[in-house]
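Subject: the structure we talked about

Hi,

Here is the structure I promised to pass on. Have a look at it first, and then read my notes below.

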Amino acid sequence: MSRRLTGLQAEQHVAEQLAGAGWQILARNWRTPYAEVDLAAEDPRGVLVLIEVKARNPLGFLQGEDHLTPRQLHRLEAVLQWLAAREGPRRALRLDLAVVLQAQGKILSWELIEGLAGIEAAGQSRFVDLRGA
């Protein structure tokens with residue numbers, strides 16, 4: 001299976017799982033001025049969430065947020081800031097990471113890592129600096 005198809009399968013799986021948990025999927029592969037967002041969704045609490053989906057082989061050694069490069073994280077943080085300017089201070093925003101373990105075209109498991117970065121409804125940023133960790 002090609003890398004692109006593997007990624008699309010992972011994104012589809014995450015979208016289905018989140019929708020089944022009461023999330024509303026708003027966009028897939030959404031191109032913004034700063035980065036392409038794999039999934040944009042509203043969680044059951046009404047938070048607008050940008051989700052970066054990473055498909056990985058279970059034999060890999062990366063853990064959690066190690067799947068995002070500092071450049072990717074910076075671009076996605078810029079999308080959050082851009083959205084905050086558009087949505088206004090009444091909308092909470094968050095960046096999550098979905099890591100999907102796949103082997104030979106089959107989904108083995110997946111994990112949602114919530115809150116890599118976010119903006120509270122009052123407009124206060126709460127970014128986690130993963131680059132220094």
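Which residue takes a positive phi in the hairpin of β2 and β3? It is Gly 46, with a phi near 90°, and that hairpin has five residues between the strands.

Before the rest, some ground rules. This is a predicted model, in which local features need pLDDT of at least 70 and side-chain atom pairs count only at pLDDT 80 or more, while totals for chains, interfaces and linings use all residues. Residues are numbered from 1 along each chain as its sequence is written, and side-chain values use heavy atoms, with hydrogens and water left out.

**The overall layout**

The protein has two helices and five strands, in the order α-β-β-β-α-β-β from the N terminus. Helices (H or I, at least four residues) and strands (E, at least two) are DSSP runs, numbered from the N terminus. Of the 133 residues, 38% count as buried. Here buried means under 20% relative accessible area, exposed means over 50%, and partly exposed is in between (1.4 Å probe, protein chains only).

The accessible surface comes to about 7,600 Å², and 49% of it belongs to carbon and sulfur atoms. Those areas come from the Shrake-Rupley method with a 1.4 Å probe, and for residues only the protein chains shown count as cover. As for contacts (heavy atoms within 4.5 Å), residues 24 or more positions apart account for 55% of those with a separation of 6 or more.

**The strands**

Two strands pair if DSSP finds at least two bridges between them. β1 and β2 run antiparallel and are joined by six bridges, with Ile 25 opposite Ala 41 in β2.

On its other pairing, β3 goes with β4 in the parallel sense over nine bridges; Leu 48 has Leu 93 in β4 as its bridge partner.

How many of the nine residues of β3 are buried? Seven are, so β3 is largely enclosed by the rest of the structure. β2 is mostly covered too, with five of its seven residues buried.

**The largest pocket**

Rolling a probe the size of a water molecule over the atoms shows where empty space is left. The largest pocket has a volume of about 580 Å³. On a 1 Å grid over the protein atoms alone, a pocket is an open set of points where a 1.4 Å probe fits, with protein on both sides within 12 Å along at least five of seven lines; lining residues have an atom within 4 Å of a point. Grid points are joined across faces, edges and corners, and the volume is the space filled by probe spheres set on the points.

There are 21 lining residues, and the closest to the centre are Arg 3, Arg 4, Thr 6, Gly 7 and Ala 55. The elements that give two or more residues to the lining are α1 (3-20), β2 (36-42), β3 (48-56) and β4 (93-103), and α1 gives the most, with six. By type, the lining divides into five nonpolar, eight polar and eight charged residues.

**Residues to click on**

- Gly 7 is in helix α1 and counts as partly exposed, at 22% relative accessibility. Gly 7 and Asp 38 are 31 residues apart in sequence and 9.6 Å apart in space, C-alpha to C-alpha.
- His 13 also lies in α1, and is buried with a relative accessible area of 17%. Leaving aside neighbours within four places in sequence, His 13 is in contact with Ile 107 and Trp 110.
- Asn 29, in strand β1 (residues 24-31), has a positive phi of about 50° although it is not a glycine. Asn 29 is partly exposed, at 31% relative accessible area.
- Gln 104 sits in the loop between β4 and β5 (106-119). Its phi is positive as well, near 50°, and Gln 104 is exposed, with a relative accessible area of 82%.

For context on those last two, most residues other than glycine have a negative phi.

Cheers

Definitions and conventions:
Ala, Val, Leu, Ile, Met, Phe, Trp, Tyr, Cys and Pro count as nonpolar, Asp, Glu, Lys and Arg as charged, and the others, Gly among them, as polar.
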